[in-house]
Amino acid sequence: MKKILLLSDTHSHIDDTILKYVKQADEVWHAGDIGDSSVTDAIKALKPLRAVYGNIDDAKARVEFPEHNRFMCEDVDVWITHIGGYPSRYNPRVKPEIYNNPPKLFICGHSHILKVMPDKKLNILHMNPGAVGKHGFHKVRTMLRFTIDGEKIDNLEVIELKR
């Protein structure tokens, strides 16, 4: 079983509260718009990190992290990308691959809107953790925490932080 902390849209912001949750996870996944590399450096100093770059990220982040990160976690096929859309409104860049080879868990960021929803047609669970950084229109900073045990995604929690 793996405990996952999922975050996105840090926009160069990392603080002790975020790092407290990082320490409680087995792995941290970042769905893009990292901002400054000090964010990912702080996370990597504590836990394994899987990340993608987002539309605000510079050339350094684009060299270190891919646009799409698809991997297996336990028995779950995971795909993380920054701009992915959501069920029935997938981004045209990812739509053909989602329909031809759907993952079990599809994760994106970008919107700053926390959303967890199933795609019943394709049997995909879609997650967007919202934004944990301080830059943007969101009123509450959010992250997601969950476990993956074999092929089971469970114990989903929304973590809300003060702006």
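The model is a predicted one: local features need pLDDT of at least 70, side-chain atom pairs count only at pLDDT 80 or more, and totals for chains, interfaces and linings use all residues. Residues are numbered from 1 along each chain as its sequence is written, and side-chain values use heavy atoms, with hydrogens and water left out.

Strands (E, at least two residues) and helices (H or I, at least four) are DSSP runs numbered from the N terminus. Two strands pair if DSSP finds at least two bridges between them.

- Five bridges link strand S1 (residues 2–7) to S11 in the antiparallel sense, and Leu6 has Leu144 in S11 as its bridge partner.

**The sheet with S4 and S9**

- Another open sheet of five strands runs S4-S5-S8-S10-S9, again with mixed pairing.
- Strand S4 (68–73) and strand S9 (114–119) each have a single partner strand, so one side of each is left without a neighbour in the sheet.
- Neighbouring strands of this sheet are turned by 15 degrees on average, direction ignored.
- S9 and strand S10 (residues 124–129) run antiparallel and are joined by six bridges; Val116 stands opposite Met127 in S10.
- S4 also pairs with strand S5 (residues 76–81), antiparallel over six bridges, with Asp77 in S5 as the bridge partner of Met72.
- S4 and S5 make a hairpin with two residues between them, and Glu74 in that turn has a positive phi of about 55 degrees.
- S4 has two faces: Asn69, Phe71 and Cys73 sit on the covered one, while His68, Arg70 and Met72 sit on the uncovered one.

**Loop residues to look at**

- Most residues other than glycine have a negative phi.
- Ser88 is not a glycine, yet has a positive phi of about 75 degrees; you'll find Ser88 in the loop between S6 and strand S7 (89–90).
- With a relative accessible area of 66%, Ser88 is exposed (exposed means over 50%, buried under 20%, partly exposed in between, using a 1.4 Å probe and protein chains only).
- His112, also not a glycine, has a positive phi of about 65 degrees; His112 lies in the loop between strand S8 (105–107) and S9, and is buried at 11%.
- Val132, in the loop between S10 and strand S11 (141–149), is buried at 0% relative accessibility.

**The largest pocket**

- About 150 Å³ of space lies in the largest pocket.
- A pocket is an open set of points on a 1 Å grid over the protein atoms alone, with protein on both sides within 12 Å along at least five of seven lines; lining residues have an atom within 4 Å of a point.
- Its lining has 13 residues, and Gly85, Tyr86, Gly109, Ser111 and Asn128 lie nearest the centre.
- Strand S6 (85–86) and S10 are the elements that give two or more residues to this lining.

**What the record says**

- An unreviewed UniProt entry carries the annotation "domain: Calcineurin-like phosphoesterase" for residues 3–149; such annotations may be inferred rather than shown by experiment.
- The end C-alpha atoms of residues 3–149 lie 9 Å apart, and the span is 20% helix and 35% strand.

Conventions
Axes are lines fitted to C-alpha atoms, for helices over the stretch in contact, and angles run from 0 to 180 degrees between N-to-C directions. On a 1 Å grid over the protein atoms alone, a cavity is a set of points where a 1.4 Å probe fits but cannot get out, and a pocket is an open set with protein on both sides within 12 Å along at least five of seven lines; lining residues have an atom within 4 Å of a point. Grid points are joined across faces, edges and corners, and a volume is the space filled by probe spheres set on the points.
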